[in-house]
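Colleague: Please take me through how to read a model of this kind. I would like the general idea each time, then the case at hand.

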Amino acid sequence: MKYSDYRSNIKAGDVIATSHRAPWYKSWYDFKIAVVRAATKSTYSHVGIVANWGGRLMVLEAVEPFVRIYPLSNIANEVGEFYHIPIHSKIDFEGCGALDFALSKVGQPYSQIDAVRSVFTRLKSDSRWECAEYVQSCLKEAGVDISDVKSTPEEVVLALQKMGAACILVEKD
């Protein structure tokens, strides 16, 4: 489904996942993502959570060097595709304090070491984030607790699917 046709289905609190499946490496970052996906045998390389500001869909995400707010349309255009995991019907992301929690973490550092550690063990809370740990924490604030799985994009997506969430491929226009 094309982003412009599908955009109205994406709501605050929904999760997006990317797989970064490009067959070429434009940067050192692309190469690192490919290595992580190969080592973990994972479909997904990244997750973030959607917020809505005046009709503009934004993604709250933990990336190098810190937790940031980024336009979803940019992710669609830069990555080429993403997966939409709709869970908005299960939560009120903006009304329950989860958005405030998510925003309070913006600017906190990303931890590449935690990203590697998350493949092997559950992470302990600290002031450094990796993408799946950040999404899990935001969802927990909204009443969706998937902290019993490892903090990897794959585990987050699978846990949400086990709860009945779909996983819809969305492609750039």
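**Contacts, burial and pairs**

Modeller: Leaving out residues up to four places away in sequence, Ser73 touches Tyr3 and Arg56; a contact here means heavy atoms within 4.5 Å. This is a predicted model, in which local features need pLDDT of at least 70 and side-chain atom pairs count only at pLDDT 80 or more, while totals for chains, interfaces and linings use all residues. Residues are numbered from 1 along each chain as its sequence is written, and side-chain values use heavy atoms, with hydrogens and water left out.

Colleague: Where is Ser73 placed, and is Ser73 buried or exposed?

Modeller: Ser73 sits in helix H3, residues 72-79. Helices (H or I, at least four residues) and strands (E, at least two) are DSSP runs numbered from the N terminus. Burial is read from relative accessible area: under 20% is buried, over 50% exposed, and in between partly exposed, with a 1.4 Å probe and protein chains only. At 19%, Ser73 is buried. Its side chain also has a polar contact of 3.3 Å with that of Arg56; such a contact is a pair of N or O atoms within 3.5 Å, where within protein one must be able to donate a hydrogen and the other to accept it, and sequence-adjacent residues count only if both atoms are side-chain atoms.

Colleague: How many helices and strands are in the chain, and what pattern does the chain follow?

Modeller: The chain has seven helices and six strands, in the order α-β-α-β-β-β-α-β-α-α-α-α-β. Of its 173 residues, 45% are buried. Among contacts with a separation of 6 or more, 66% are between residues 24 or more positions apart.

Colleague: How many of the residues of helix H6 are buried?

Modeller: Nine of the 11 residues of H6 (residues 131-141) are buried, so this helix is largely enclosed by the rest of the structure. Among the buried ones are Glu133, Tyr134 and Gln136. Just after H6, Gly143 has a positive phi of about 95°.

Colleague: How many salt bridges does a search of the whole structure find?

Modeller: Side chains of opposite charge can pair when their charged atoms come close. The cut-off puts a side-chain nitrogen of Lys or Arg within 4 Å of a carboxyl oxygen of Asp or Glu. The search finds one, between Glu61 and Arg68 at 2.8 Å, N to O. Glu61 is buried at 2% relative accessible area, whereas Arg68 is partly exposed at 25%.

Colleague: How many aromatic pairs does the structure hold?

Modeller: Rings of Phe, Tyr and Trp (its six-membered ring) pair if their centres lie within 6.5 Å; planes under 30 degrees apart are stacked, over 60 edge-to-face, the rest tilted. The structure holds three pairs. Tyr44 and Tyr83 have ring centres 5.2 Å apart and planes at 90°, so they are edge-to-face. Tyr44 is in the loop between helix H2 (28-40) and strand S2 (46-53), and Tyr83 is in strand S5 (residues 81-85), so the pair ties together parts 39 residues apart in sequence. Both Tyr44 and Tyr83 are buried. Trp129 and Tyr134, with centres 5.7 Å apart and planes at 80°, are also edge-to-face. Trp129 is buried at 5% relative accessibility, and Tyr134 is buried at 0%.
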